[in-house]
Amino acid sequence: MKIAIIGRSESLYLVTKHLIECGFEIVVIVTAKEAPEYNIKSEDFKSLAVAHNISFVHTAKIETAFHFIHDTGANIGISINYPGIIPLKVTDLFKHGILNVHGGDLPMYRGNACQAWALLNSESKIGLCVHKMIGGELDNGDIIARDYISVSKDTKINQVLDWMALRTPELVVNALKKIIDDPDYILEVQSNDPSKALRCYPRRPEDGRICWSKSATDILLLINASNRPYAGAFCQYEKEKIVIWDAEEVEDSERFCAVPGQVTKIGDGFLEVACGTGKLRVLSIEKNDQIMKPNAMIRSIRKRLS
C-alpha cells in the first residue's frame, strides 16, 4: 500500500514517523505553511521527506499537486489539518480514498477549534476519529476508528492536544490494518442527519476576552480552552492586558456582594476574584511577556480586573 501524507501539525508529523518505523511505504508528503501555534513547521516535513527519499510538495492548494500525486502511484492518503477542503477530484485519485484524522466526536464537532468548543460546552469526553473523507465535504464520511479522552472543567486544551498527538499514530495504524484486511471495513456509518451534527467555526485570539459578569465555571472553561498553545484568556488591570494561564473555582459557602472582577482575597501565590456567579482563584498570569503569581502584581482588595 502506497501512502500519501497530506496536511500539517505535530500529530501528522508523528504519524508519518510512526508509519515509516512500522514499515509502511510513504511515497509523497503534501504540506503547507504551518499555523502559528504549531511546533512542527513545513521545513520539518521537508527534512523528513529528504531523509527517507519521499517526494515532497509545499502548497496550500492541493489541486496544483494533482498530477504530481497521481504520478507517485499513491493508493491511500492520510490527512490531518490540511488548510482547506480537499475536493472530489483529489480524493478520487486514491483507490482506498483518504483517511482524515479529526479531533471531534463525529458527526458532532465538525469544523474548526473543535477541542476548544467541546471544553467550552462542558463535554465530559472529546472524540478522536479516523474517517474516510468525502471529497468537497467537511469532516464527513464513514468512521474507521475512534477513541475518546475524558475531560472536566479543569482540563486544559494542551492536555487534550498532547493526548491526541500521542494517540493518533496508533489509531491511524489500526485503521490502515483494518482496510488492508478488508477494503470495505467500516466501524460506523456517519449520520447525515443535520440534527445529529454540530458545526464549529474558527476561534480567534480576541475570543479569549474574559467577561467577569459570567459564572466562575464559564470563565474557568474559557481560560482552559484558550490555554497554550493558543493566545490565552485575558482581561485588563489598570488599562494593561493580563493573560490568565491557570485558575480554579473557589469552593466556599460565603455569601457576598461584589462587582464582577472585584478582587476578594489575596493569598500566597494567588488572588480570588468575584464573578457573576461564584469566585475564581487566579494562580498564574502573564503581563508584558512575564509570567508571575498574581499577588506579586495586585496587593489590595480594592482593586478590580476588567
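Predicted model: local features only at pLDDT ≥ 70, side-chain atom pairs only at ≥ 80, totals over all residues.
Helices and strands here are DSSP runs, numbered from the N terminus.

**View 1. Ser124 sits in a loop between a helix and a strand.** The loop that holds Ser124 lies between α5 (114-120) and β7 (125-132). Is Ser124 buried or exposed? Ser124 is exposed, because its relative accessible area is 51% and exposed means over 50%. Setting aside neighbours within four places in sequence, you will find Ser124 in contact with Ile149, Ser150 and Val151. Cys235 is 111 residues from Ser124 in sequence, and their C-alpha atoms are 27 Å apart in space.

**View 2. Thr155 is a buried loop residue.** Look for Thr155 in the loop between β8 (143-150) and α6 (157-181). Thr155 has 12% relative accessibility, so it counts as buried, the cut-off being under 20%. Where does the side chain of Thr155 reach? It reaches the backbone nitrogen of Ser152, at 2.9 Å. Not counting residues up to four places away in sequence, Thr155 also touches Leu119, Val160 and Asn224.

**View 3. Strands β2 and β3 pair in the parallel sense.** Here β2 (residues 25-31) and β3 (residues 55-58) are joined over four bridges.

Key. Residues numbered from 1 in each chain as written. Heavy atoms only, no water. Helix = DSSP H or I, 4+ residues; strand = E, 2+ residues; numbered from the N terminus. Buried < 20%, exposed > 50% of the residue type's maximum accessible area, 1.4 Å probe, protein only. Polar contact = N/O pair within 3.5 Å; in protein donor to acceptor, adjacent residues only side chain to side chain. Contact = heavy atoms within 4.5 Å. Pairing = 2+ DSSP bridges.
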